[in-house]
Amino acid sequence: MTQSSGTTSTPVIEVQGLHKLYGQLEAVRGIDLQIQRNEVFALLGPNGAGKTTTVEILEGHRSKSSGDVSVLGYDPGKNNRKLKERIGIVLQSTGVERYLTVVETINLFSQYYPHPLPVEDVLEMVGLGEQRKTLVRRLSGGQRRRLDVAVGVVGDPELLFLDEPTTGFDPSARRGAWEMIRNLRSLGKTILLTTHYMDEAEALADRVAIMVQGRIVAEGTPSELAQRKGRTIIRFKMEGKELSLPQGLEFDREMVNGMYSLTTDTPTPTLHVLTTWAVENGIELEDLAVTRPSLEDVFVELADTGAMEGERE
Amino acid sequence: MTSLSLVLKQLRYQNTAFWRNPVAAFFTFVFPLMFLVMFNLLFGSRDLEIPGGTVNTSTFYVPAIGALSVITACYTNLAIGMSFSRDEGILKRIRGAPIPAWSFMVGRIAHAVFLALLLMAIVTASGAIFYNVDVPTGTLPAFIVTLALGGATFCALGLAVMKAIPNAEASPAIVNASILPLMFISDIFIPMNDAPGWLTAFANIFPVRHFSVAMQTSFNPFEGGLGFETVHLLVMAAWMAAGMLIAIRTFSWEPRR
């Protein structure tokens with residue numbers, strides 16, 4: 001299912017047949033992943049889909065049950081310091097000492113890495129310059145999240161893991177975080193992102209994998225995934241319901257306010273039929289819109305299907 | 001950076017954070033010194049029978065509160081501090097960074113030992129200045145060995161008890177419940193001269209009394225020999241080994257939430 005761009009060298013992350021069992025529960029049920037250098041890859045999925053388990057195996061926080069995992073050519077399960085020097089991890093479940101200041105915290109972590117970024121650059125990158133002397137315990141939730149990111153990037157990692165980097169952010173802070181992630185990408189970093197937000201994946205990711213019930217159920221670029229659903233939605237508004245709708249077109253259930261919608265795999269002939277009918281009857285199709293399904297529509301559909309399959313098992 | 005300089009860096013930042021945290025600084029540092037002052041005020045001038053003769057009770061309280069200080073800095077402080085670090089995800093964060101696990105651990109343990117030594121120095125100096133309790137001279141090697149073994153034993157036990165701590169909020173209760181009752185029956189708060197034999201026998205199962213008694217001997221002015229309490233030190237060493245074994249086998253870097 002992965003697309004290979006042919007010219008790129010070995011993938012930064014390569015996973016084959018990864019399984020993770022917790023007792024009887026199979027949290028990850030055989031997934032394959034390939035993430036190329038300088039790619040922003042988003043792992044989407046509902047809670048409990050196995051995203052965090054997968055990412056934590058890649059980070060070396062958890063052991064795998066079976067399968068092959070390679071991160072920058074290393075086995076992350078081996079707790080290798082050389083690998084940790086080249087990756088940055090921003091998790092939701094990690095923290096920093098509450099009684100140190102922002103600049104002390106970044107400074108402390110920068111000592112762990114062989115080629116850290118200048119602390120001042122990191123402060124500026126995450127926008128915590130004014131809070132540099134503030135104790136961590138006095139930071140707001142969003143500021144603390146930015147400090148998490150600062151600690152994750154201070155080692156100048158080639159590969160950055162971002163676990164729900166904007167959860168709890170207000171809209172402007174989210175925009176800021178997105179801008180920061182784009183900047184990191186433009187610096188040549190590879191980023192593996194997990195998120196609940198479809199618009200975030202759509203805005204940032206080069207490729208997306210959707211994970212449901214421990215499996216990857218879809219993978220591709222955001223637009224490929226949206227097309228995967230393959231259907232186009234045509235919507236319009238019409239008053240005067242006494243008119244019979246054109247023959248041969250199957251409409252979705254009628255909406256309020258005289259809105260009509262239909263979904264089709266063949267938008268061009270469908271539109272032709274619709275507009276011909278409208279012109280012949282002298283009807284104006286108000287608010288006529290032809291749209292592709294969003295990534296969110298695909299996600300909801302896949303998540304529902306996955307959940308149903310899960311219940312059957 | 002070399003691992004040693006990482007340890008020193010860790011130690012320095014740990015120390016900075018420690019003194020900024022009023023709860024940690026008060027209970028670990030001010031508490032033992034308060035006990036020293038109070039017990040000496042209340043009982044210090046009374047006569048007390050010790051091996052070799054009669055002294056005033058301050059000669060008991062200076063080494064006893066010294067032992068208490070080591071236990072508080074190493075066992076109580078380390079267990080509670082590390083439990084909070086575990087639940088706040090600090091340990092997990094360290095686990096994902098390219099710092100060897102042992103440099104971080106050594107940094108934390110070294111800070112606890114540093115606090116213990118600082119408290120011991122203050123307690124011993126106060127004894128000499130205010131309570132007429134001599135600093136160990138002939139028994140100095142025994143004093144140093146007892147102090148070092150006590151620090152190691154209670155650090156090991158502090159890390160081992162983390163296994164029994166379900167979350168950070170529960171840590172002060174569990175840690176204090178495990179150590180405070182022992183302090184009452186282990187020649188720390190009260191001399192056990194008149195205690196029933198079975199109670200002393202019970203206290204002797206645990207390392208607290210062995211540590212306190214070994215410390216007393218190194219401060220005993222009638223002690224003619226080197227003052228090594230071999231049996232007491234061996235029992236402490238056994239507890240240290242058990243603590244280390246449990247800590248190494250059960251230590252978790254993952255938050256327990």
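I began with burial in chain B: of its 257 residues, 47% are buried (20 or more other C-beta atoms within 10 Å of the residue's own, with C-beta atoms placed from the backbone). The model is a predicted one, in which local features need pLDDT of at least 70, side-chain atom pairs count only at pLDDT 80 or more, and totals for chains, interfaces and linings use all residues. Residues are numbered from 1 along each chain as its sequence is written, while chains are lettered from A and ligands numbered from 1 in the order in which they are written.

I then looked up the secondary structure and found 10 helices and 2 strands in chain B (DSSP runs numbered from the N terminus: H or I of at least four residues for helices, E of at least two for strands). I noted their order from the N terminus as α-α-β-β-α-α-α-α-α-α-α-α. Chain B is as compact as a globular protein of 257 residues, because its radius of gyration is 18 Å, close to the 18 Å from the globule rule (taken over C-alpha atoms; the rule is 2.2 Å times the number of residues to the power 0.38). I recorded a C-alpha trace spanning about 60 × 35 × 30 Å along the principal axes of chain B.

Next I turned to the contact between the chains, to which chain B brings 20 residues and chain A 19 residues (C-beta atoms, placed from the backbone, within 7 Å). On the side of chain B that touches chain A, α1 (3-20) and α4 (90-95) of chain B each supply at least two residues. I found that α1(B) gives the most to this side, with 6 residues.

Definitions and conventions
Buried ≥ 20, exposed ≤ 12 C-beta atoms within 10 Å, placed from the backbone. Contact = placed C-beta atoms within 7 Å.
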